[in-house]
Amino acid sequence: MFKTIREWLQLQVAMSDRAEVSESIDSEGELRGSYLFMCTMASGIATIGLLCNSVSVIIGAMLVSPLMGPIVRLGLGIATLDLNRVFRSLGTLLAGMSLALGVAILIVWLSPLRTPTPEILARTTPNLFDMIAATLSGLAGGYAMIRNRGGTIVGVAIATALMPPMATVGFGIAVAQWGISKGALLLFTTNLATIALSTTLMCTWYGFSGRATRHAVAWQIVVGFAVLLPLGWPLAHALGDIAQQTRLLGTVRSTLTSTLSNQSVRVLDMQLDDSRKVLDVTFAAQHYGMDEDTALHQALKSALPSGLTLRLNPMITSDPTQTELGRSALSANIPGASIPATVATLDDETSVVIKHFPLPLLSSGSNAQTKTLTLMLAPTSAASNATLRQMEDQLGTQLPGWTIQIVPPPRPLPPVLFERGSAQIGPAQQAALENTIWALQRWGVHDVAVEGRASTDGHGPADLAEQRAAQVRQSLEAAGLHVVTGASYPLPDQQRREAEEGVDPFRSVFVYVVDPGAD
(Lines give C-alpha, C1' and ligand atoms only; values in the text may rest on other atoms or scores of the structure.)
Protein backbone atom coordinates (compact mmCIF):
# COMPACT_ATOMS: atom_id res chain seq x y z
CA MET A 1 0.00 0.00 0.00
CA PHE A 2 2.83 2.40 0.85
CA LYS A 3 4.43 1.67 -2.52
CA THR A 4 1.18 2.52 -4.27
CA ILE A 5 0.87 5.82 -2.38
CA ARG A 6 4.49 6.73 -3.17
CA GLU A 7 4.06 6.00 -6.86
CA TRP A 8 0.84 8.10 -6.92
CA LEU A 9 2.58 11.04 -5.26
CA GLN A 10 5.54 10.83 -7.66
CA LEU A 11 3.10 10.80 -10.56
CA GLN A 12 1.29 13.85 -9.19
CA VAL A 13 4.59 15.74 -8.91
CA ALA A 14 5.60 14.82 -12.42
CA MET A 15 2.26 15.92 -13.85
CA SER A 16 2.25 19.40 -12.28
CA ASP A 17 3.14 22.39 -14.44
CA ARG A 18 5.05 24.49 -11.90
CA ALA A 19 5.48 27.54 -14.11
CA GLU A 20 1.79 27.75 -14.92
CA VAL A 21 0.75 27.15 -11.32
CA SER A 22 3.18 29.80 -10.04
CA GLU A 23 1.85 32.34 -12.53
CA SER A 24 -1.74 31.55 -11.49
CA ILE A 25 -0.94 31.85 -7.77
CA ASP A 26 0.88 35.16 -8.30
CA SER A 27 -2.09 36.49 -10.24
CA GLU A 28 -4.59 35.44 -7.54
CA GLY A 29 -2.51 37.09 -4.82
CA GLU A 30 -1.85 40.42 -6.54
CA LEU A 31 -3.07 43.69 -5.03
CA ARG A 32 -5.79 44.98 -7.36
CA GLY A 33 -8.91 47.09 -7.12
CA SER A 34 -11.09 43.99 -7.43
CA TYR A 35 -9.30 42.42 -4.46
CA LEU A 36 -9.92 45.49 -2.28
CA PHE A 37 -13.54 45.67 -3.40
CA MET A 38 -14.17 42.04 -2.48
CA CYS A 39 -12.45 42.53 0.91
CA THR A 40 -14.81 45.43 1.58
CA MET A 41 -17.88 43.44 0.60
CA ALA A 42 -16.81 40.34 2.54
CA SER A 43 -16.07 42.32 5.68
CA GLY A 44 -19.38 44.13 5.50
CA ILE A 45 -21.33 40.91 5.02
CA ALA A 46 -19.41 39.14 7.81
CA THR A 47 -19.94 42.01 10.27
CA ILE A 48 -23.67 42.18 9.62
CA GLY A 49 -23.94 38.41 9.95
CA LEU A 50 -22.09 38.46 13.27
CA LEU A 51 -24.19 41.31 14.67
CA CYS A 52 -27.41 39.60 13.62
CA ASN A 53 -26.14 36.17 14.68
CA SER A 54 -27.01 34.89 11.20
CA VAL A 55 -25.06 31.83 10.08
CA SER A 56 -26.34 32.09 6.50
CA VAL A 57 -25.10 35.67 6.14
CA ILE A 58 -21.70 34.73 7.58
CA ILE A 59 -21.45 31.91 5.05
CA GLY A 60 -22.10 34.50 2.35
CA ALA A 61 -19.06 36.44 3.56
CA MET A 62 -17.00 33.26 3.47
CA LEU A 63 -17.86 32.66 -0.18
CA VAL A 64 -16.74 36.09 -1.41
CA SER A 65 -13.65 36.55 0.77
CA PRO A 66 -10.49 36.90 -1.42
CA LEU A 67 -7.91 36.45 1.35
CA MET A 68 -6.91 32.95 0.24
CA GLY A 69 -5.07 34.31 -2.81
CA PRO A 70 -2.30 36.23 -1.03
CA ILE A 71 -2.03 33.51 1.64
CA VAL A 72 -1.24 30.83 -0.97
CA ARG A 73 1.18 33.24 -2.62
CA LEU A 74 2.87 33.73 0.75
CA GLY A 75 3.23 29.95 1.10
CA LEU A 76 4.72 29.72 -2.40
CA GLY A 77 7.14 32.54 -1.57
CA ILE A 78 8.38 30.74 1.54
CA ALA A 79 8.69 27.46 -0.41
CA THR A 80 10.79 29.10 -3.17
CA LEU A 81 12.64 31.44 -0.78
CA ASP A 82 11.51 34.34 -2.99
CA LEU A 83 11.58 37.37 -0.68
CA ASN A 84 9.98 39.63 -3.28
CA ARG A 85 7.02 37.26 -3.55
CA VAL A 86 6.80 37.02 0.25
CA PHE A 87 6.78 40.77 0.80
CA ARG A 88 4.32 41.43 -2.04
CA SER A 89 1.89 38.86 -0.64
CA LEU A 90 2.28 40.28 2.87
CA GLY A 91 1.54 43.76 1.49
CA THR A 92 -1.59 42.48 -0.22
CA LEU A 93 -2.70 40.72 2.98
CA LEU A 94 -2.04 43.80 5.11
CA ALA A 95 -4.04 46.02 2.75
CA GLY A 96 -7.00 43.64 2.73
CA MET A 97 -6.90 43.15 6.50
CA SER A 98 -6.73 46.88 7.19
CA LEU A 99 -9.63 47.60 4.86
CA ALA A 100 -11.71 44.77 6.33
CA LEU A 101 -10.98 45.95 9.85
CA GLY A 102 -11.95 49.52 9.05
CA VAL A 103 -15.21 48.46 7.41
CA ALA A 104 -16.12 46.28 10.41
CA ILE A 105 -15.42 49.07 12.91
CA LEU A 106 -17.47 51.56 10.89
CA ILE A 107 -20.47 49.24 10.63
CA VAL A 108 -20.43 48.49 14.38
CA TRP A 109 -20.19 52.21 15.18
CA LEU A 110 -23.23 52.90 13.03
CA SER A 111 -25.18 49.91 14.31
CA PRO A 112 -27.41 49.93 17.42
CA LEU A 113 -26.47 46.26 17.99
CA ARG A 114 -23.61 46.15 20.48
CA THR A 115 -24.20 42.91 22.42
CA PRO A 116 -21.77 40.07 21.60
CA THR A 117 -23.74 37.34 19.84
CA PRO A 118 -22.99 33.60 20.04
CA GLU A 119 -21.44 33.78 16.55
CA ILE A 120 -19.07 36.51 17.78
CA LEU A 121 -18.21 34.63 20.95
CA ALA A 122 -17.53 31.45 18.97
CA ARG A 123 -14.53 33.22 17.38
CA THR A 124 -12.93 34.51 20.58
CA THR A 125 -11.69 31.29 22.19
CA PRO A 126 -9.41 29.42 19.73
CA ASN A 127 -7.63 26.25 20.80
CA LEU A 128 -5.23 23.69 19.41
CA PHE A 129 -7.95 22.01 17.36
CA ASP A 130 -8.36 25.25 15.37
CA MET A 131 -4.68 25.02 14.40
CA ILE A 132 -5.08 21.40 13.36
CA ALA A 133 -8.17 22.21 11.29
CA ALA A 134 -6.36 25.10 9.58
CA THR A 135 -3.42 22.81 8.81
CA LEU A 136 -5.66 20.24 7.13
CA SER A 137 -7.47 23.01 5.24
CA GLY A 138 -4.17 24.47 4.08
CA LEU A 139 -2.96 21.11 2.79
CA ALA A 140 -6.22 20.52 0.93
CA GLY A 141 -6.29 24.03 -0.50
CA GLY A 142 -2.65 23.96 -1.55
CA TYR A 143 -3.12 20.65 -3.30
CA ALA A 144 -6.25 21.86 -5.11
CA MET A 145 -4.61 25.03 -6.39
CA ILE A 146 -1.44 23.27 -7.48
CA ARG A 147 -3.43 20.61 -9.30
CA ASN A 148 -5.91 23.16 -10.73
CA ARG A 149 -8.86 21.31 -9.26
CA GLY A 150 -11.38 23.94 -8.37
CA GLY A 151 -8.74 26.01 -6.65
CA THR A 152 -10.82 29.14 -6.44
CA ILE A 153 -13.81 27.39 -4.86
CA VAL A 154 -11.68 25.50 -2.37
CA GLY A 155 -9.68 28.63 -1.64
CA VAL A 156 -12.63 30.75 -0.68
CA ALA A 157 -14.01 27.85 1.40
CA ILE A 158 -10.77 27.77 3.37
CA ALA A 159 -10.93 31.54 3.79
CA THR A 160 -14.10 31.06 5.84
CA ALA A 161 -11.87 30.96 8.90
CA LEU A 162 -10.35 34.35 8.11
CA MET A 163 -12.88 37.08 7.34
CA PRO A 164 -15.33 36.43 10.23
CA PRO A 165 -12.52 36.54 12.85
CA MET A 166 -11.22 39.79 11.34
CA ALA A 167 -14.72 41.27 11.55
CA THR A 168 -14.88 40.09 15.16
CA VAL A 169 -11.64 41.95 15.87
CA GLY A 170 -13.28 45.09 14.47
CA PHE A 171 -16.33 44.53 16.68
CA GLY A 172 -14.16 44.30 19.80
CA ILE A 173 -12.31 47.49 18.90
CA ALA A 174 -15.52 49.39 18.12
CA VAL A 175 -17.14 48.52 21.47
CA ALA A 176 -13.87 48.69 23.43
CA GLN A 177 -14.03 45.04 24.50
CA TRP A 178 -10.39 44.15 24.09
CA GLY A 179 -10.79 40.56 25.23
CA ILE A 180 -12.95 39.86 22.20
CA SER A 181 -10.44 41.50 19.84
CA LYS A 182 -7.53 39.63 21.38
CA GLY A 183 -9.19 36.21 21.08
CA ALA A 184 -10.38 36.80 17.51
CA LEU A 185 -6.98 38.14 16.44
CA LEU A 186 -5.31 35.02 17.82
CA LEU A 187 -7.71 32.86 15.79
CA PHE A 188 -7.11 34.92 12.64
CA THR A 189 -3.32 34.84 13.03
CA THR A 190 -3.33 31.11 13.76
CA ASN A 191 -5.37 30.29 10.68
CA LEU A 192 -3.40 32.63 8.43
CA ALA A 193 0.01 31.32 9.51
CA THR A 194 -1.01 27.66 9.54
CA ILE A 195 -2.66 27.76 6.12
CA ALA A 196 0.35 29.57 4.66
CA LEU A 197 2.84 27.07 6.10
CA SER A 198 0.69 24.12 4.99
CA THR A 199 0.69 25.54 1.49
CA THR A 200 4.47 25.88 1.75
CA LEU A 201 4.70 22.20 2.58
CA MET A 202 2.61 21.25 -0.45
CA CYS A 203 4.63 23.51 -2.76
CA THR A 204 7.88 22.00 -1.49
CA TRP A 205 6.56 18.49 -2.00
CA TYR A 206 5.65 19.32 -5.59
CA GLY A 207 9.19 20.55 -6.23
CA PHE A 208 8.62 24.31 -6.42
CA SER A 209 11.84 24.83 -4.46
CA GLY A 210 13.89 23.56 -7.41
CA ARG A 211 17.22 21.88 -6.82
CA ALA A 212 17.75 23.60 -3.47
CA THR A 213 14.98 21.60 -1.86
CA ARG A 214 17.00 20.59 1.19
CA HIS A 215 18.17 24.14 1.79
CA ALA A 216 14.59 25.40 1.41
CA VAL A 217 13.20 22.77 3.77
CA ALA A 218 15.71 23.75 6.44
CA TRP A 219 14.62 27.38 6.28
CA GLN A 220 10.98 26.37 6.21
CA ILE A 221 11.42 24.34 9.40
CA VAL A 222 13.03 27.33 11.12
CA VAL A 223 10.24 29.65 9.98
CA GLY A 224 7.57 27.12 10.93
CA PHE A 225 8.84 26.65 14.47
CA ALA A 226 9.36 30.40 14.93
CA VAL A 227 5.74 31.07 13.93
CA LEU A 228 3.86 28.08 15.30
CA LEU A 229 5.46 27.71 18.73
CA PRO A 230 4.34 31.15 20.03
CA LEU A 231 0.87 30.46 18.65
CA GLY A 232 0.69 26.87 19.83
CA TRP A 233 1.31 27.62 23.51
CA PRO A 234 -1.85 29.71 24.17
CA LEU A 235 -3.88 27.37 21.95
CA ALA A 236 -2.72 24.33 23.91
CA HIS A 237 -3.46 26.16 27.15
CA ALA A 238 -6.98 26.96 25.88
CA LEU A 239 -7.51 23.30 25.00
CA GLY A 240 -6.42 22.37 28.53
CA ASP A 241 -8.94 24.83 29.93
CA ILE A 242 -11.68 23.20 27.86
CA ALA A 243 -10.68 19.77 29.20
CA GLN A 244 -10.75 21.13 32.76
CA GLN A 245 -14.14 22.73 32.25
CA THR A 246 -15.45 19.50 30.72
CA ARG A 247 -14.51 17.65 33.88
CA LEU A 248 -16.03 20.38 36.04
CA LEU A 249 -19.21 20.33 33.96
CA GLY A 250 -19.55 16.60 34.52
CA THR A 251 -19.06 17.04 38.26
CA VAL A 252 -21.57 19.90 38.45
CA ARG A 253 -24.16 18.05 36.37
CA SER A 254 -23.97 14.87 38.45
CA THR A 255 -24.04 16.84 41.73
CA LEU A 256 -27.06 18.88 40.62
CA THR A 257 -28.93 15.78 39.52
CA SER A 258 -28.26 13.90 42.75
CA THR A 259 -28.92 16.85 45.08
CA LEU A 260 -32.12 18.00 43.34
CA SER A 261 -33.27 14.46 42.63
CA ASN A 262 -36.93 15.29 43.39
CA GLN A 263 -37.28 17.42 40.24
CA SER A 264 -36.06 17.86 36.68
CA VAL A 265 -32.89 19.96 36.43
CA ARG A 266 -30.45 20.83 33.65
CA VAL A 267 -27.10 22.65 33.52
CA LEU A 268 -27.37 25.48 30.98
CA ASP A 269 -24.09 27.36 31.20
CA MET A 270 -20.82 27.23 33.07
CA GLN A 271 -18.06 29.84 33.05
CA LEU A 272 -14.75 29.50 34.85
CA ASP A 273 -12.77 32.66 35.57
CA ASP A 274 -9.24 31.41 36.25
CA SER A 275 -7.96 34.83 37.27
CA ARG A 276 -10.46 35.16 40.13
CA LYS A 277 -11.08 31.43 40.71
CA VAL A 278 -14.82 31.90 40.27
CA LEU A 279 -17.16 29.29 38.80
CA ASP A 280 -20.53 30.58 37.52
CA VAL A 281 -23.14 27.87 37.05
CA THR A 282 -26.46 28.64 35.37
CA PHE A 283 -29.06 25.88 35.51
CA ALA A 284 -32.77 25.37 34.93
CA ALA A 285 -34.98 23.87 37.62
CA GLN A 286 -38.69 23.48 38.28
CA HIS A 287 -38.49 25.09 41.73
CA TYR A 288 -35.70 26.44 43.88
CA GLY A 289 -35.76 27.75 47.44
CA MET A 290 -33.48 28.33 50.40
CA ASP A 291 -33.36 24.62 51.34
CA GLU A 292 -32.28 23.59 47.84
CA ASP A 293 -29.78 26.46 47.70
CA THR A 294 -28.12 25.45 50.99
CA ALA A 295 -28.00 21.75 50.10
CA LEU A 296 -26.60 22.44 46.62
CA HIS A 297 -23.88 24.78 47.88
CA GLN A 298 -22.76 22.21 50.43
CA ALA A 299 -22.76 19.37 47.90
CA LEU A 300 -20.84 21.32 45.25
CA LYS A 301 -18.37 22.70 47.77
CA SER A 302 -17.30 19.18 48.69
CA ALA A 303 -17.26 17.98 45.06
CA LEU A 304 -15.34 20.87 43.45
CA PRO A 305 -11.65 21.79 43.89
CA SER A 306 -10.79 23.84 46.96
CA GLY A 307 -10.26 27.59 46.56
CA LEU A 308 -12.94 27.85 43.88
CA THR A 309 -15.71 30.36 44.56
CA LEU A 310 -19.11 29.10 43.44
CA ARG A 311 -21.92 31.30 42.10
CA LEU A 312 -25.25 29.64 41.31
CA ASN A 313 -27.72 31.23 38.88
CA PRO A 314 -30.97 29.23 38.95
CA MET A 315 -33.62 29.80 36.28
CA ILE A 316 -37.12 28.53 37.05
CA THR A 317 -38.94 26.90 34.13
CA SER A 318 -41.81 24.42 33.92
CA ASP A 319 -39.75 22.01 31.80
CA PRO A 320 -35.95 22.40 32.22
CA THR A 321 -35.29 19.56 29.76
CA GLN A 322 -36.56 21.74 26.89
CA THR A 323 -34.15 24.62 27.53
CA GLU A 324 -31.15 24.88 25.24
CA LEU A 325 -28.03 27.00 25.13
CA GLY A 326 -27.55 29.59 22.42
CA ARG A 327 -23.75 29.15 22.70
CA SER A 328 -21.27 26.61 24.01
CA ALA A 329 -21.55 25.75 27.67
CA LEU A 330 -17.75 25.73 27.81
CA SER A 331 -17.16 29.19 26.37
CA ALA A 332 -14.49 31.07 28.26
CA ASN A 333 -15.23 34.22 30.19
CA ILE A 334 -13.82 37.26 28.40
CA PRO A 335 -12.85 40.17 30.67
CA GLY A 336 -14.78 43.31 29.89
CA ALA A 337 -17.33 41.61 27.68
CA SER A 338 -21.04 41.51 28.35
CA ILE A 339 -21.75 37.86 27.66
CA PRO A 340 -25.29 36.67 27.93
CA ALA A 341 -26.05 33.11 28.87
CA THR A 342 -28.66 32.73 26.17
CA VAL A 343 -31.35 30.11 26.71
CA ALA A 344 -34.00 29.15 24.19
CA THR A 345 -36.79 30.08 26.59
CA LEU A 346 -35.16 33.43 27.31
CA ASP A 347 -34.97 36.47 25.14
CA ASP A 348 -31.40 37.77 24.62
CA GLU A 349 -32.20 41.02 26.43
CA THR A 350 -33.82 39.27 29.39
CA SER A 351 -30.79 36.99 29.63
CA VAL A 352 -28.55 40.04 29.92
CA VAL A 353 -30.83 41.50 32.61
CA ILE A 354 -30.67 38.29 34.66
CA LYS A 355 -26.93 37.89 34.22
CA HIS A 356 -26.09 41.43 35.24
CA PHE A 357 -28.84 42.24 37.73
CA PRO A 358 -27.10 44.34 40.42
CA LEU A 359 -28.79 42.68 43.43
CA PRO A 360 -28.45 39.08 44.67
CA LEU A 361 -31.10 36.78 43.22
CA LEU A 362 -32.54 33.70 44.84
CA SER A 363 -34.04 32.61 41.52
CA SER A 364 -35.16 33.93 38.16
CA GLY A 365 -37.56 32.79 35.49
CA SER A 366 -38.62 33.88 32.04
CA ASN A 367 -41.42 32.80 29.72
CA ALA A 368 -40.89 33.86 26.13
CA GLN A 369 -44.44 32.91 25.14
CA THR A 370 -46.18 35.10 27.73
CA LYS A 371 -43.25 37.57 27.79
CA THR A 372 -42.93 37.59 31.57
CA LEU A 373 -39.71 37.95 33.52
CA THR A 374 -39.63 37.23 37.27
CA LEU A 375 -36.69 38.07 39.53
CA MET A 376 -36.87 36.79 43.11
CA LEU A 377 -34.51 38.66 45.43
CA ALA A 378 -32.32 36.77 47.88
CA PRO A 379 -32.90 37.36 51.62
CA THR A 380 -29.55 39.20 51.77
CA SER A 381 -30.88 42.01 49.57
CA ALA A 382 -31.31 45.22 51.57
CA ALA A 383 -32.90 47.35 48.85
CA SER A 384 -36.15 49.03 49.88
CA ASN A 385 -39.47 48.20 48.26
CA ALA A 386 -39.53 51.68 46.76
CA THR A 387 -36.15 51.04 45.12
CA LEU A 388 -37.19 47.62 43.83
CA ARG A 389 -40.41 49.00 42.42
CA GLN A 390 -38.51 51.74 40.63
CA MET A 391 -36.08 49.15 39.21
CA GLU A 392 -39.06 47.13 37.99
CA ASP A 393 -40.44 50.18 36.17
CA GLN A 394 -37.04 50.85 34.59
CA LEU A 395 -36.74 47.27 33.37
CA GLY A 396 -40.24 47.55 31.92
CA THR A 397 -39.08 50.54 29.90
CA GLN A 398 -35.93 48.70 28.87
CA LEU A 399 -37.87 45.63 27.73
CA PRO A 400 -41.02 46.92 26.00
CA GLY A 401 -43.73 44.32 25.65
CA TRP A 402 -42.48 42.31 28.62
CA THR A 403 -44.14 42.02 32.04
CA ILE A 404 -41.46 42.44 34.69
CA GLN A 405 -41.96 41.25 38.26
CA ILE A 406 -39.33 41.79 40.96
CA VAL A 407 -40.26 39.82 44.07
CA PRO A 408 -38.82 41.36 47.26
CA PRO A 409 -37.50 38.99 49.94
CA PRO A 410 -39.85 38.11 52.84
CA ARG A 411 -39.44 40.79 55.51
CA PRO A 412 -41.56 43.15 57.66
CA LEU A 413 -43.30 45.91 55.77
CA PRO A 414 -42.29 49.47 56.66
CA PRO A 415 -44.96 51.44 58.57
CA VAL A 416 -47.02 54.19 56.96
CA LEU A 417 -46.00 57.38 58.81
CA PHE A 418 -48.49 60.20 59.45
CA GLU A 419 -48.10 63.86 60.33
CA ARG A 420 -48.51 64.89 63.96
CA GLY A 421 -52.18 64.78 64.98
CA SER A 422 -53.30 63.88 61.43
CA ALA A 423 -55.04 60.87 59.89
CA GLN A 424 -55.09 62.29 56.34
CA ILE A 425 -53.58 60.36 53.42
CA GLY A 426 -51.22 62.84 51.80
CA PRO A 427 -48.66 62.33 49.01
CA ALA A 428 -46.08 60.75 51.35
CA GLN A 429 -48.61 58.33 52.85
CA GLN A 430 -49.99 57.46 49.39
CA ALA A 431 -46.49 56.67 48.09
CA ALA A 432 -45.80 54.44 51.10
CA LEU A 433 -49.10 52.62 50.62
CA GLU A 434 -48.45 52.05 46.91
CA ASN A 435 -45.07 50.49 47.72
CA THR A 436 -46.71 48.28 50.36
CA ILE A 437 -49.48 47.18 47.99
CA TRP A 438 -46.85 46.44 45.31
CA ALA A 439 -44.88 44.20 47.69
CA LEU A 440 -48.02 42.36 48.83
CA GLN A 441 -49.03 41.72 45.23
CA ARG A 442 -45.57 40.38 44.37
CA TRP A 443 -45.81 38.01 47.34
CA GLY A 444 -49.27 36.89 46.31
CA VAL A 445 -50.73 37.98 49.66
CA HIS A 446 -54.49 38.66 49.96
CA ASP A 447 -55.03 38.88 53.74
CA VAL A 448 -53.42 41.54 55.93
CA ALA A 449 -53.93 43.18 59.30
CA VAL A 450 -53.32 46.86 60.06
CA GLU A 451 -52.48 48.35 63.44
CA GLY A 452 -53.02 52.05 63.99
CA ARG A 453 -50.87 53.92 66.51
CA ALA A 454 -50.69 57.43 67.98
CA SER A 455 -48.20 59.34 70.13
CA THR A 456 -48.63 60.47 73.74
CA ASP A 457 -47.46 64.07 73.25
CA GLY A 458 -50.98 65.52 73.45
CA HIS A 459 -51.92 64.55 69.88
CA GLY A 460 -52.53 60.85 70.34
CA PRO A 461 -56.04 59.90 71.39
CA ALA A 462 -57.17 56.36 70.71
CA ASP A 463 -59.62 57.45 68.05
CA LEU A 464 -56.74 58.99 66.03
CA ALA A 465 -55.06 55.60 65.93
CA GLU A 466 -58.33 54.06 64.77
CA GLN A 467 -58.81 56.76 62.10
CA ARG A 468 -55.32 56.15 60.71
CA ALA A 469 -55.97 52.40 60.57
CA ALA A 470 -59.31 53.00 58.82
CA GLN A 471 -57.69 55.23 56.19
CA VAL A 472 -55.05 52.62 55.43
CA ARG A 473 -57.67 49.89 55.36
CA GLN A 474 -59.67 51.80 52.76
CA SER A 475 -56.64 52.11 50.46
CA LEU A 476 -55.71 48.45 50.86
CA GLU A 477 -59.25 47.23 50.22
CA ALA A 478 -59.38 49.36 47.09
CA ALA A 479 -56.41 47.29 45.87
CA GLY A 480 -58.37 44.07 46.38
CA LEU A 481 -56.91 43.00 49.75
CA HIS A 482 -58.83 41.55 52.67
CA VAL A 483 -58.04 43.71 55.73
CA VAL A 484 -58.70 43.48 59.47
CA THR A 485 -57.96 46.55 61.57
CA GLY A 486 -56.96 47.34 65.10
CA ALA A 487 -55.66 50.25 67.18
CA SER A 488 -52.98 50.24 69.86
CA TYR A 489 -53.05 53.23 72.20
CA PRO A 490 -51.29 53.51 74.47
CA LEU A 491 -48.77 50.69 74.22
CA PRO A 492 -47.01 49.41 77.38
CA ASP A 493 -44.25 51.83 78.43
CA GLN A 494 -45.02 53.95 75.39
CA GLN A 495 -43.69 57.21 76.84
CA ARG A 496 -40.37 55.59 77.71
CA ARG A 497 -40.16 53.95 74.30
CA GLU A 498 -40.96 57.24 72.58
CA ALA A 499 -38.06 58.82 74.46
CA GLU A 500 -35.75 56.03 73.32
CA GLU A 501 -37.04 55.30 69.81
CA GLY A 502 -38.60 58.62 68.82
CA VAL A 503 -42.27 59.35 68.16
CA ASP A 504 -42.39 58.38 64.48
CA PRO A 505 -43.14 54.67 65.11
CA PHE A 506 -46.13 55.82 67.21
CA ARG A 507 -47.59 58.15 64.55
CA SER A 508 -47.99 55.34 62.05
CA VAL A 509 -49.91 52.32 60.82
CA PHE A 510 -48.23 48.91 60.65
CA VAL A 511 -49.29 46.39 58.01
CA TYR A 512 -48.87 42.68 58.76
CA VAL A 513 -49.26 39.64 56.51
CA VAL A 514 -51.97 37.29 57.77
CA ASP A 515 -52.06 33.56 57.09
CA PRO A 516 -55.74 32.86 56.36
CA GLY A 517 -55.21 29.20 57.23
CA ALA A 518 -53.90 29.88 60.74
CA ASP A 519 -56.09 29.31 63.79
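## Overall make-up

The protein has 18 helices and 10 strands. Both are DSSP runs, numbered from the N terminus: helices are H or I with at least four residues, strands are E with at least two. This is a predicted model, in which local features need pLDDT of at least 70 and side-chain atom pairs count only at pLDDT 80 or more, while totals for chains, interfaces and linings use all residues. Residues are numbered from 1 along each chain as its sequence is written, and side-chain values use heavy atoms, with hydrogens and water left out.

Of the 519 residues, 46% count as buried. Buried means under 20% relative accessible area, exposed over 50%, and partly exposed in between (1.4 Å probe, protein chains only). The accessible surface comes to about 25000 Å², and carbon and sulfur atoms hold 60% of that. Areas come from the Shrake-Rupley method with a 1.4 Å probe; for residues, only the protein chains shown count as cover. Among contacts (heavy atoms within 4.5 Å) with a separation of 6 or more, 73% join residues 24 or more positions apart.

## The four-stranded sheet

An open sheet of 4 strands runs in the order E7-E10-E8-E9, with mixed pairing. Its edge strands are E7 and E9 (482-488), each pairing on one side only. Two strands pair if DSSP finds at least two bridges between them.

E7 (residues 416-417) meets E10 (residues 508-513) in the antiparallel sense, over 2 bridges. Here Val-416 stands opposite Val-509. E10 also pairs with E8 (residues 447-453), again antiparallel, over 5 bridges. Ala-449 has Tyr-512 of E10 as its bridge partner. E8 and E9 pair in the parallel sense over 7 bridges. Glu-451 stands opposite Gly-486 in E9.

Ala-454 lies in the loop between E8 and helix H17 (462-478). Ala-454 is buried, because its relative accessible area is 0%. Its C-alpha atom is separated by 5.2 Å from that of Ala-465, 11 residues apart along the chain.

## A nonpolar patch

Val-55, Ile-59 and Leu-63 make a nonpolar surface patch of about 260 Å². Patches take residues with over 30% relative accessible area and no salt bridge; like charges are joined within 9 Å, nonpolar side chains (Val, Leu, Ile, Met, Phe, Trp, Tyr) within 5 Å. A salt bridge is a side-chain nitrogen of Lys or Arg within 4 Å of a carboxyl oxygen of Asp or Glu.

Ile-59 is found in helix H4 (residues 55-64). Ile-59 counts as partly exposed because its relative accessible area is 39%.
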